[in-house]
Amino acid sequence: MNQTPDKNKSDHQEQIFDLKAVEIMDTAGALYFLQHQDSVEANGHKTSLKNVPKHVRQIIDTVQDHRLKECPPETSLKGIRKLLTDTGESFFKIIDQGRALVTFLGLVLNAFAKQLINPKRIRWTPLVAQMEQIGIHALPIVGLISFLIGVVLAFQGAGQLERFGAQIFTINLVAVGVLREMGILLTAIIVAGRSGSAFTAQLGTMKVNEEIDAMRTIGLDPIDVLVLPRILGLILVLPLLTFYADIMGLLGGAAMTMITLDLSLFQYIRYLQDAASLGDFFVGMVKAPVFAFVIALIGCHEGLQVSRSAESVGRQTTRSVVEAIFFVIVLDALLSILFSVMGI
């Protein structure tokens, strides 16, 4: 491209751009040329083009028609308009996240059906490893918190029921509270914070390191290899953790009841048999696999949503824990209402 001034004009020289030698031009080159042309005209010179090939002229005209010479003024919403805009954006983000989660649920159920049809597809080694990580390693924290919850329920219940001379019903409070609600709910929350976040961090790190892409390249399905062992492992382990939490919660209630009510352990067990039924126990146990499936599904889904950055891993891990705990509490409330309506 040659740029020559017109010597016939002294005050306002005309710059002529000769594009005869230009064979290829893309949109970036056309934009750069137009910006240079603007800078020349801004200095008081006229410009003109000469010997422009047809295809180059088309590119320049297209970019000229669609480019913005000046950035549009920044608009900032305030007051009620900003509130409504933010609310609408948040609503559509929630809709998109829900749609993605339902799609992921379909993929998981499809892969699970294939494993049921062909059990040889089940990866037993990762499944057992996940059960160890989720279950055995969580026993100390689950046991301690459940025991202390039993102590707190017995202590607070005895203090309130003493006003009515009904301290003996403290055992009923502990038994029903631990078996139906507190045992499974606290265990699910602990697992969501411990194992659900681990699922997201592990899968997210693998995605950042492009390990999941490598699996797809060699013909392995990440759902089969990574997701299903975690979901099945948590479904199998959480009922066992719930049973363990129930026992520890009742032991905590026994310890405090023996102190406040001056009862022996055998008396506590005898009153416990009258206070609780197998129905109370099974109500808590039925919730366990449902909560386990939701926690593992959300943890694995958020892990696969990680982009290629460490910041994204942290953000998705936080979102995984918050969403899992939220859904656990909502499902617990819905199931409690359902069991109450059914008279269970």
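The largest cavity here has a volume of about 40 Å³. Keep in mind as you look around that this is a predicted model. In all, the structure holds two cavities of 30 Å³ or more, so let us visit each in turn.

To find the largest cavity, look for the residues that line it: Gln 115, Ile 122, Arg 123 and Leu 127, together with Asp 224, Leu 228, Pro 229 and Leu 232. Which helix gives the largest share of this lining? That is helix H8, spanning residues 222-260, with four residues.

Now move on to the second largest cavity, with a volume of about 30 Å³. Around it you will find Ser 146, Ile 149, Val 178, Met 182, Gly 183, Leu 186, Ala 245 and Gly 249. Three helices each supply at least two residues of this lining: helix H5 (139-161), helix H6 (170-208) and H8. Of the residues around the second largest cavity, H6 provides the largest share, namely four. How do the residues of this lining divide into nonpolar, polar and charged? Five are nonpolar, three are polar and none is charged.

With both cavities in view, H8 is a handy landmark: H8 gives the largest share of the lining of the largest cavity, and H8 also supplies at least two residues to the lining of the second largest cavity.

Definitions and conventions
Residues are numbered from 1 along each chain as its sequence is written. This is a predicted model: local features need pLDDT of at least 70, side-chain atom pairs count only at pLDDT 80 or more; totals for chains, interfaces and linings use all residues. Side-chain values use heavy atoms; hydrogens and water are left out. On a 1 Å grid over the protein atoms alone, a cavity is a set of points where a 1.4 Å probe fits but cannot get out, and a pocket is an open set with protein on both sides within 12 Å along at least five of seven lines; lining residues have an atom within 4 Å of a point. Grid points are joined across faces, edges and corners, and a volume is the space filled by probe spheres set on the points. Ala, Val, Leu, Ile, Met, Phe, Trp, Tyr, Cys and Pro count as nonpolar, Asp, Glu, Lys and Arg as charged, and the others, Gly among them, as polar.
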